[in-house]
Structure formats: C-alpha cells, structure tokens
Amino acid sequence: MAVYLARKGALTCALLASTALAAQAEDVEVLHWWTSGGEAAALNVLKDDLQGKGIGWVDMPVAGGGGEAAMTALRARVTAGNPPTAVQMLGFDIVDWAQEGVLGNLDEVATAENWGEVVPDALQAFSKHEDHWIAAPVNVHSTNWVWINKAALDAAGGKAPETWDELIAVLDQMKANGIVPLGHGGQPWQDATIFDALVLAEGTDFYKAAFIDLDPETLGGERMAAAFDRLIVLRGYVDDNFSGRDWNLASAMVINGEAGMQMMGDWAKGEFLKAGKVPGQDFVCIRFPGTQGAVTFNSDQFVMFDVQGEGKKQAQAQMASAIMSPTFQSAFNVVKGSVPARTDVPDADFDDCGKKGMADLAEANTNGTLLGSMAHGHANPAAVKNAIYDVVTGAMNGEYGDGASAAQALADAVAGAQ
Ligand code: BGC
C-alpha cells in the first residue's frame, strides 16, 4: 500500500496531509538574506503560501547579497545550540553543514512526493547527503546574465552584444552618451559574479578545469590571465562610487537609466519586475557575450537543521512539501527571477527572460554545459571560494599590474586554501 501511494502524487499528498504532516506543526523560523525589494516580494509568495497552510513564519533576515553575512549569523546560532528551523543556503555550504552532522532528514516527504524523479541531479548533489534528503531546492538561478536598459541600448545602436568586441563597442557608446556604462557594486561576491562569466567565456572545459577541478596550470595560465585582463577592462566602465555598493542599488541605476547595464545573476530581474519594468520593452536580458549555450548555476535550497520536538520536525516537512509543490515553484520563481528546481513545471506563467532561462537550463543540462557557479558557492567549499574572491577583488581594484600577475596570484591562493 505504501509503495502504491508513493507512486501517486495526489493521493500521497492527501495521505500526508491527514496523518504524518497533520496540524500539530509549529511556526517556522527561517534564516535568509532576501532583503532587496525583488527578493522580499518573492519571499512574500513563500510566506503567504505557508500561512495559507496554517504554518506561521518567524523571520530572520540577514542582509547581504550572496549570503556571507547570513552564514556568519547561522554559525553563531548553531554554536549556541539553537539553530533556526530552516535556512536559505547555497551549494558547498550545505555540504559543509551536512558533514558536521547537524542537519535533519526529509526522506519521508521526499520519497512520498518523488522528489528524486523531478529534481535535476546537479541540484540533488547538494539536496542530499549520504543518500538522505537534507534540503528542499526552491529555485535555480544563473550568474552569466547581462541586464541592459532598453532605451540606453537603443541610444547605443540598438543591437544587444553577442561577442566581447560588440560588448565593448556598446559600453564605449554608452560612455559617449554620458551614462555610467556598467552599473556595479564593488563587493567581492559581485566582482566574482562577473568573473564567473569571464572565465566561462573562455569555454566550458576551461571553466571546469579552473573552478571545478582547480587545475593549477589552468588557474595560473595564459587564458586565465586573459580573463583577468578583461576584468580590468570592465573596471574602466564602472563609476568611481562603486566600492561597497549593494547589488540592488546597481540594478536601480540600470532601471532608472543612470547606468546602461549590469552583469548579474537573474535575481536582478526581480528588481526590474518590482519596479514595474517589462522585459523586451524596458530592459533586455542576454547571456554574457561568449557564454551562450552554457549556464553557471546556483540554487537556493532550504536546509533543515536537526531540531528538537515533533512539532518542529513536522513544520520542516510541511515547509519542504510546500516549497516543492509545482504551482508554488512557478509562482515563486516568476517573481524571484529564477527558474523552477523541478523539471516538470510549465513555463506558461514566465516572462520572456524566464522562458529563456528555463530553455537555457534544459539545453545546458542535456549538453553537459551546466556548471556550478564559483561566485555563488556551487564550485568549491567556502575556503577555496574566499581565496578566489580575494584575488578577483584585488584585480578589480588595481592590485595587480596585469592579468598574468593576477592569474599567478590565483593559482597560489587556491593552492594555499586547499
Ligand atoms: C542567491 C539569490 C540572491 C542573491 C543576492 C544569491 O547568492 O542565490 O537568491 O537573490 O544572492 O542576494
């Protein structure tokens, strides 16, 4: 009977609702870093969904794009023996916590709802540890996007750039037109987000050898030097006040036409939508020139800690079940700018950028060109990631005379962090 029900999604949900996940659940306390306008709008979709199911929400926001500050706050809570119910987390951070043996177990709900059949393997690699489900993936973001103000692009010739040379030509024209060509915030994770794309533009094999395999010769070699040289070129199109600026303020510069474009993951789209902007009319989304056909991804997952008390455990299972529902995955990701973490969600409700994001993801998954984002913790554990951040940010701030010196520093830094 149990096996039969496990194969029938709807029946299984009814069974779970009436028994295992019944009404005794407590509120969920959720640690996250979704504090920008677009992120908060998406978070509200989640809060409302849970509240509609009778699950109360206790908010624990920790501002800071990319989640580093949130991870520091989390460490303090776990050390104090009081982890939150659920935590937004990325890639290798999940692996690190799993290895510490402090996470809960979502196997019952995951098996009942057949998550294994609809969550792509690239995500399951982080949602599961030693074959047990420990997290529910809410989305798939990707980092190799460029968001362009449409009026600024029209004024710069109207053609979205497809190659590096075309990109530079558009940036030059935007500069000549008197706007900041590249809206950017000088924070290590934002610099690293651009660098994801610059390394990917050298080829998927190159990206893999550099950031996934951490091959010393690739990290310190000529092509890495070329990627750093391009980063140094891009720095020339950023305004002088970029240091420390939050990513959503850089998005706002593009939204209001003060800047021409932003190179950022598709959470930036959430800001454009929140401002009432329409893709194709007010802004244009393209893959970073030279990275078409490939995707560097990151997936926000809600990780469940090993909390005490049956009510809390039930709340975790209920929250995970709600997150994994296909209708929720559509409604949430339409607002967030990301795409669903399940392969069976229709793209009907998504705008053109969202439809492109879903198609690109499926294509990259099939072609073997879907790669974990270095900048967003899906390529390496935090120690290696932070070592890469230091060198990339150093290069963005003129610390190295040229790309070759930066590449050598990168190889040394990664070797030291392993
Ligand atoms: C997360 C996104 C978030 C972005 C900026 C990324 O690491 O995956 O959900 O919107 O950081 O805060």
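Q: How far is an oxygen atom of the ligand from a polar backbone atom of Gly 66?

A: Keep in mind that this is a predicted model. Look for N or O pairs within 3.5 Å. Here a polar backbone atom of Gly 66 and an oxygen atom of the ligand are 3.3 Å apart.

Q: Which polar side-chain atoms lie by an oxygen atom of the ligand?

A: Apply the cut-off of 3.5 Å again. Asn 298 places a polar side-chain atom 2.8 Å from a ligand oxygen. For His 141, the distance from a polar side-chain atom to a ligand oxygen is 3.5 Å.

Q: How much of the ligand does the protein bury?

A: Start from the ligand taken alone, which exposes 310 Å². The protein buries 100% of that.

Q: Where does the ligand sit?

A: A cavity is a space where a probe fits but cannot get out. The ligand sits in the largest cavity.

Q: How many residues surround the ligand, and of which class?

A: Five residues of the shell are nonpolar, six are polar and three are charged.

Q: Which domains does the shell draw from?

A: First, see how the chain is divided: domain 1 (6-137 + 301-337) and domain 2 (142-296 + 367-417). Each of them gives at least three residues to the shell.

Q: How do the domains themselves meet?

A: Check contacts, then centres. In domain 1, 19 residues are in contact with 20 residues of domain 2. The C-alpha centres of domain 1 and domain 2 are 30 Å apart.

How values were computed:
Residues are numbered from 1 along each chain as its sequence is written. This is a predicted model: local features need pLDDT of at least 70, side-chain atom pairs count only at pLDDT 80 or more; totals for chains, interfaces and linings use all residues. Side-chain values use heavy atoms; hydrogens and water are left out. A polar contact is a pair of N or O atoms within 3.5 Å; within protein, one must be able to donate a hydrogen and the other to accept it, and residues adjacent in sequence count only if both atoms are side-chain atoms. Accessible areas come from the Shrake-Rupley method with a 1.4 Å probe; for residues, only the protein chains shown count as cover. On a 1 Å grid over the protein atoms alone, a cavity is a set of points where a 1.4 Å probe fits but cannot get out, and a pocket is an open set with protein on both sides within 12 Å along at least five of seven lines; lining residues have an atom within 4 Å of a point. A molecule sits in a cavity or pocket if more than half of its atoms lie within 2 Å of its grid points. Ala, Val, Leu, Ile, Met, Phe, Trp, Tyr, Cys and Pro count as nonpolar, Asp, Glu, Lys and Arg as charged, and the others, Gly among them, as polar. Domain bounds come from an automatic or database domain assignment. Contact means heavy atoms within 4.5 Å.
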